[in-house]
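Good morning, and thank you for coming. Please look at the structure as I go through a few of its parts.

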Amino acid sequence: MQELTSIRQTTDDDINTTCQSIQIPVFKRHFGNNLTLLYIRGEPLITIGPHWPLTLCMIVTFGAASYFLIFEIAISKGLYVYYCSIFVAALQMFSYLITALKNPGIVTSSREYKGVLQCIVCNNPRDLGALYHCEDCDVCIQGFDHHCPWTGKCIGRGNINAFYIFVTMIPIYIVYFIIVSLL
C-alpha cells in the first residue's frame with residue numbers, strides 16, 4: 001500500500017511540474033461582443049457576432065426552404081432541375097455561412113501609439129484606413145460597411161465579398177424557386 005502511495009505522489013508531482021512548464025499565451029486583444037472560434041497565427045478566422053439568434057434563424061429558414069425546393073419540388077421535375085436546385089441552394093447557404101462566420105476585419109492590435117488619434121475603447125490607431133468602432137459588436141472593424149443583424153455581425157473588409165455574393169444570390173434563389181415551382 002505504501003508503494004502505491006509513493007508512486008501516486010510521484011506521478012502527481014510530475015504532472016504539476018509539467019503543467020507549470022506549459023505556458024498558455026494570454027491574449028490582451030479586444031474582440032468585443034464577438035465569439036471567436038478559430039484562430040490562425042493569433043488572428044480570429046471564424047467569429048460569431050452578437051446577434052447570433054437571428055443568424056441561427058436564417059440558417060434554419062434557408063435550410064427548410066432548400067429542403068422543400070430540392071426534395072419536394074425539384075425531385076419530380078427531372079434530374080437536370082434536381083441537380084441545378086442542389087447547386088443554387090448550396091451556393092446560397094455557403095455564401096450566407098461564409099458571410100456570417102468569417103472575420104469581418106476585426107482590428108486586433110492593442111499596442112499603444114503616441115501622437116496618433118486612437119479608438120477610446122480598443123486603443124487602435126485611427127490611421128489604419130477605413131476604421132470604425134461598431135457599438136453593437138464593440139470592436140473596431142477595418143473597411144467597415146455596416147452592421148448587419150441578418151448575418152449577426154459587421155460587414156467589413158474580411159467578409160464584404162462573401163456578402164456581395166450572398167446578396168446577389170437572394171433574388172436568384174427566389175426567382176429560381178418560383179420558376180421551378182411553376183414548371
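I begin with I40, which lies in strand β1; strands (E, at least two residues) and helices (H or I, at least four residues) are DSSP runs, numbered from the N terminus. This is a predicted model, in which local features need pLDDT of at least 70 and side-chain atom pairs count only at pLDDT 80 or more, while totals for chains, interfaces and linings use all residues. Residues are numbered from 1 along each chain as its sequence is written, and side-chain values use heavy atoms, with hydrogens and water left out.

Is I40 buried, partly exposed or exposed? With a relative accessible area of 40%, I40 is partly exposed; buried means under 20%, exposed over 50%, and partly exposed in between, with a 1.4 Å probe and protein chains only.

Which residue stands opposite I40 in β2? That residue is E43. Strand β1, residues 35–40, runs antiparallel to β2 and is joined to β2 by five bridges; two strands pair if DSSP finds at least two bridges between them. Two residues lie between the strands of this hairpin, where R41 takes a positive phi near 55°.

I turn now to helix α3. Its 23 residues, 79–101, should span 33 Å at 1.5 Å a residue, and the end C-alpha atoms are 32 Å apart, which agrees; the expected span is 1.5 Å times one less than the number of residues. Buried residues of α3 include V81, Y82, S85, V88 and A89. Among the elements that cover the buried residues of α3 are β2 (43–48) and α4 (160–182).

Definitions and conventions
Contact means heavy atoms within 4.5 Å.
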